[in-house]
Amino acid sequence: MELAIRRDSPLMRLILDPVNILLMILLGILFYLVLWPFLELVLHTITWGDSDRRLSRDAVPGEYTWFHWLEVTASPLSERMLYAPLVNTLITGVISTVIALVVGGGLAWCVIRSDMPGKGWLQPVLTLPYIVPSFAIALAWETVFRSPKVGGQPGLYETVLGIPPPEWVSYGTFPISITLAMHYFPFAYLLVAGALMTIDSQMEEGALLSGASRMMILRRITFPVVAPAFAAAFVLTFGKTIGQFALPFLLGAPTQFHTIATMVYANLALGLDSMAYVLAILLILMSLLAIWASNKFVGNNARRFETISGKGFRSRQVALGGWRWPIFWGVATFGFVVGVLPLILLGYQSLMLIDGFFNLSNLTMHFWTGQSDPEIAMGEPGVLHNANILGAAWNTIELAFFSAVIASLVGLIIAYIVVRKDSNPLARMLDQIAFIPFLFPSIAFGAMYLTMFAEARGPIPALYGTFTLLVLISVVNRLPYSVKTGVTAVTQIGRELEEAAEVAGASWGRRFRKIIVPLASSGVVTGMMVSFVGVMRELSLIILLITPSTRVLMTVGFNYAEEGLTQLSNALVLIVAMITIAGELILWWAGKSKLVRLREKNS
Amino acid sequence: MASIEIENLTKRYGAMTALDNVSLKIESGEFLVLLGPSGCGKTTLLRCLAGLETPDEGEIYMDGELVFSSKLKRIVPPGKRNLGMVFQSYALWPHMTVRDNVKFGLDVLNLSESESKDRLDQVLKDLGMSDLQNRYPSELSGGQQQRVALARLLATKPPVFLMDEPLSNLDARLRMDMRVELKKFQAFTGSTTVYVTHDQTEAMTMSTRVVVMRDGQIQQVSPPSQLYKRPENTFVADFIGMPRINLIQANQSDGKNHLYSNGDIDIDIGWDEAPSSIVVGARPEDLKISKKELKGSQTYEVSSVLPNGPETIIQLTKGGTILLARIGHEIDVHEGEKVTVQFDQKALNVYDAKSGALLGPPIDTDRTN
Ligand SMILES: Nc1ncnc2c1ncn2[C@@H]1O[C@H](COP(=O)(O)OP(=O)(O)O)[C@@H](O)[C@H]1O
Ligand SMILES: [Mg+2]
């Protein structure tokens, strides 16, 4: 009798399958990097900390308490700390999301479903505001509408018109909503355009043939069919706006206008860590609530929204007739105002020796190429000479590079497991956990990592202040996207291709390296570029984790803006914007040439 | 019921001409099939009839009334043309139940409540969809979705049916059943039907007349049997028929006007006036296979035998020439065997090798050489 479990028994084969081993390891890692930090965050808010002794005499470090939650939700401070910012967050979030959806949806319709001219180059222009860092738009807004009443120099508006702009135009709900909408409408545009592309225009033509009017078709066919896409776009855009930190901070803080996100930052600056974390948790809950509501809406009606597709799909463009050119000019002007003009303003502002004087004699290259001059900008040299900035630039590139490469590779491996082991519940769990970071508003995610890695824990050293931590959070934050890219890539690689290699005796590692990676590479490299650009312009995510030695361009730019050194900050943001635009151009160009190649192959 | 007349219709997409000067008369109550390879302009023609595309040139009359004219700038909108259409993708509205999908067209007609309900119930019953009327399209099988598309068409009782490859999303067996059913409904309603397909069996079995198209031009308009027997050019001859027709290119033999040869085979077309180079079309069943020497027969080697149920397709080789023949069970041949072949002169078609146009059948002169 042989009692030992044989190596080739079904159980052992399951356990020894390298893919299963990898699956378990990844599950463990993701659990540690995604779920645990959330628990840490929650735990931190219900435990007395060392610094709490100065807040309350009852504090016993290490003991459980509801103190922080009560302070935030039901104390004399609550109005200022929670409720007012909550209202502000909701109002700016909803207004900006609605504007972004209306504008993005309208543009998507023009580009996808109408015969508007100039689509080819309008499309990249229209996505510009989303490509550049969000607070570039806030800085540009300030350049125009800044008001000396709150301090600082007058903006372009006052210089030209001679009267200061109303304060509600300069700071608070209005500018924050508008600039958030400006930054996020391309996001809504991309989501709605994606949905519109899958809609068979013959659905509308069928109604047209039965004699229905255009209005009736729009009301009874088109709107109901795109409704779920709109609902999803609403929630995703809203979730992004409420996690935005830098933009509301720049356009709100000067007048004590706070959102939850800026309040997290403000509390941390005051050393009220646990209060900040309570707010971060509330922010996460808001995001989850929105997702849950939309899932419920779409879920209840899921069967109604499954479009059926088969041969004969057709996406036909509506002839705009006489409106063709007016609409083109409208869209082009809009694209210029939101995509190009802000960058021009930033560029111009960065050339002004004395901020706020818009005449030509005031122009200087000092903030770009000048040497340190104690008279100007507290002696900060121009951005191209500044050792601090060069260090930050290097950090930025390193961070973006490592994060993009790691996120893409890990994403590909996870995608592979998810696609190939789709019947394994653990693989599905892996997929779901990898998606969760998408639900964390950026600043709250940063707060989670701050609690998680502030001190050494077991074998894991205190990562706060290290470059590794920045890479870690950037990678995890990009995972939802890179897994999605990977899934698309792996799905296109037929299982047979791999089986053919398996029959030939290739091990799993070899198959992955020699078949999956090369075949998925074009998709994954594209995803890598997208991540590179995405990490580069990220600020809200890492602002809480940055220390002087790990600063990146975006945080340096933000600090300059905080200190009122607007020319320097504009110059820096402009540099980041140029890099991200260049990255997108490369992607766009690569995508175009790929399309051309495909077309050549088909004809 | 309605007749349709199309005159010199041209439709261009940029530099590409999708319809090239198409003229066609469709009789009232006819089942007309547009047949042709993918991309030849069938859908475009159908959509021009529906008013979903605006042609660049030409006129369309429906029941004598001008519904489109490029010269007069007259465009009657789709909803006013009194026609129903089944799309290749069905284009069912995913957010409406089966019943609502069918009801939509009736709502537009402004019928009385009771009439609308009666018609709706009737058409759902006729198509056997009564039990499924509260389902959504995504909860139906392909065949059922097809029926909804059909119900949507039938409910408003339009005098003209337009169908764009309505069966191409179904599997082979279901397609067969639906062919019968479609034909039944068409006969029952008597509506003029224009039906697009690239499947020649579908065209042959369902139509009263077939229009063969290629590159935006009409190649031939004929009843199906005529189409098979007398293809008017080599493209149609080659496109129609499975297995495909034998097209033998041959040149006039020296001195004898009626004798042609391609080096391996000699063919006598019996004409005194003919071009120097021709193509002879012979359907596989027009080759008489025998193991005996017959008058005018030539000897071939059987290079391949492909049995297929009631018939067998064999490949014959003589020199560099390869021919396909269709034989029944009365003769048993094997690979490598030598057989003799006689052409059925009456069934052959002779084409001009240059233009590809049909010259006519050979004259069966009983000339003995
Ligand atoms: N909207 C369009 N824009 C440009 N070309 C088109 C469009 N619709 C059809 N075509 C072209 O016109 C030709 C005929 O198309 P179609 O009528 O759909 O062919 P069929 O239905 O016979 O397969 C094709 O070459 C197709 O590419
Ligand atoms: Mg077609």
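Student: How many salt bridges does the structure hold over all chains?

Tutor: Over all chains there are 27 salt bridges, a salt bridge being a side-chain nitrogen of Lys or Arg within 4 Å of a carboxyl oxygen of Asp or Glu. This is a predicted model, in which local features need pLDDT of at least 70 and side-chain atom pairs count only at pLDDT 80 or more, whereas totals for chains, interfaces and linings use all residues. Residues are numbered from 1 along each chain as its sequence is written, chains are lettered from A and ligands numbered from 1 in the order in which they are written, and side-chain values use heavy atoms, with hydrogens and water left out.

Student: Why is the pair A:R113 and A:E204 called a salt bridge?

Tutor: The closest N and O atoms of A:R113 and A:E204 are 2.6 Å apart. The limit is 4 Å, so the pair meets the definition.

Student: What makes this pair tie together parts that are apart in sequence?

Tutor: A:R113 lies in helix α4 (residues 78–113) of chain A and A:E204 in helix α10 (residues 202–209) of chain A, so the pair joins parts 91 residues apart in sequence. Helices (H or I, at least four residues) and strands (E, at least two) are DSSP runs, numbered from the N terminus.

Student: How do you know that chain B is in contact with chain A?

Tutor: Contact means heavy atoms within 4.5 Å. By that rule, 30 residues of chain B are in contact with 27 residues of chain A. The area buried between the two chains is about 2,800 Å², buried area being the accessible area (1.4 Å probe) that two parts lose on being put together, summed over both. Carbon and sulfur atoms give 59% of the area. B:P94, B:H95 and B:F104 supply 21% of what chain B buries against chain A, more than any other three residues.

Student: Which salt bridge does B:R47 form?

Tutor: B:R47 pairs with A:E205, their closest N and O atoms being 2.7 Å apart. The count between chain B and chain A is 2 salt bridges.

Student: Which elements of chain B supply at least two residues each to the side that touches chain A?

Tutor: They are α1 (42–50), β7 (83–86) and α2 (98–109) of chain B. With 4 residues, α2(B) gives the most.

Student: Why are β2 and β6 of chain B called edge strands?

Tutor: Two strands pair if DSSP finds at least two bridges between them. The open sheet of 5 strands has the order β2-β1-β4-β5-β6 (chain B), with antiparallel pairing. Each of β2 (16–26) and β6 (74–75) of chain B pairs on one side only.

Student: What makes β4 and β5 of chain B a pair?

Tutor: Strand β4 (residues 57–62) and strand β5 (residues 65–69) of chain B share 4 bridges in the antiparallel sense. At least two are required, so these strands pair. B:E59 stands opposite B:S69 in β5(B), and B:M62 stands opposite B:E65 in β5(B).

Student: How do you know that β21(B) and β22(B) pair?

Tutor: Strand β21 (residues 349–352) of chain B is joined to β22(B) by 2 bridges, and the two run antiparallel. The definition asks for at least two, so the strands pair. In β22(B), B:G360 stands opposite B:V350.
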